[in-house]
Amino acid sequence: PRVFDMQMVGEGENRTGRAKQTITGFFAAIDAGETDRFSEFCAPNFKVTSPLLSGESDLAVFQSNSSILRLGFPDMKHEITRMEYTGTHVMTTGVFRGTNSGPYSENLATNRKVEFPFLVLDELDAKYKISNRWIMFDGQSFNTQLYEGYSQVLENLLREMFAASDAGDVDKVVSYWDEYGKSNYNGAEHSMDELKTRLKNFKKSFPDIQ
């Protein structure tokens, strides 16, 4: 009986270790932006639910969402504070931290730091791969930290662009537009080259334009 008990304890420790290794490895891959490695930790039928996703999603959607998140937060880090394994599920709590130094969700970088606690519940299959993941955190807190004062950021950018226009620095003006930018003027759509020509003519005609 003593030997049997020791074997059972050893097997339990091994299962716990393998389960936790899957979860920590997955978080590390997410933070590193290694989306091509997600299949190492997730089952083919992987499903995930998160405040950042619209309903239950599959692995491909989660890979895309993770890439978008890391593009916006290149230094993002999931700090794990606690992990519990029940035999079929792993509950993980921790703190997410990151700086929005890149474009995120079609918005310009705010350069704001965000920090919020999270709770993740993972269901594992017989091969210790994640079949279901439920992510929970305060989405409102995330948005508040990220976008508070964002309108001021946009206003400052527009003021800089108008100042460059008044100074006749047309190259700087178009640097605020994306490569496919179009300018609507006098009821017609114009290219960036046409915008530059128009601004040059304004400056020539009105040297003190403001």
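This is a predicted model: local features need pLDDT of at least 70, side-chain atom pairs count only at pLDDT 80 or more; totals for chains, interfaces and linings use all residues.
User: With the side chain of which residue does the side chain of Arg133 make a polar contact?

Analyst: Residues are numbered from 1 along each chain as its sequence is written, and side-chain values use heavy atoms, with hydrogens and water left out. A polar contact is a pair of N or O atoms within 3.5 Å; within protein, one must be able to donate a hydrogen and the other to accept it, and residues adjacent in sequence count only if both atoms are side-chain atoms. At 2.6 Å, the partner of the Arg133 side chain is the side chain of Asp122.

User: Is Arg133 buried or exposed?

Analyst: Arg133 lies in strand 5, residues 130-137, where strands are DSSP runs of E with at least two residues and helices are runs of H or I with at least four, numbered from the N terminus. Buried means under 20% relative accessible area, exposed over 50%, and partly exposed in between, with a 1.4 Å probe and protein chains only. Because its relative accessibility is 2%, Arg133 counts as buried.

User: Over the face of which ring does Arg133 lie?

Analyst: A charge sits over a ring if NZ of Lys or CZ of Arg is within 6 Å of the ring centre and within 35 degrees of the ring normal. At 4.8 Å from the ring centre, Arg133 lies over the face of Phe27.

User: How many aromatic pairs are there?

Analyst: Rings of Phe, Tyr and Trp (its six-membered ring) pair if their centres lie within 6.5 Å; planes under 30 degrees apart count as stacked, over 60 as edge-to-face and the rest as tilted. By this rule the count of aromatic pairs is 16.

User: Which kind of pair do the rings of Phe26 and Phe62 form?

Analyst: Phe26 lies in helix 1 (residues 2-32) and Phe62 in helix 2 (residues 59-72), 36 residues apart, so the pair links distant parts of the chain. Both Phe26 and Phe62 are buried. Because the ring centres are 6.0 Å apart and the planes at 50°, the pair is tilted.
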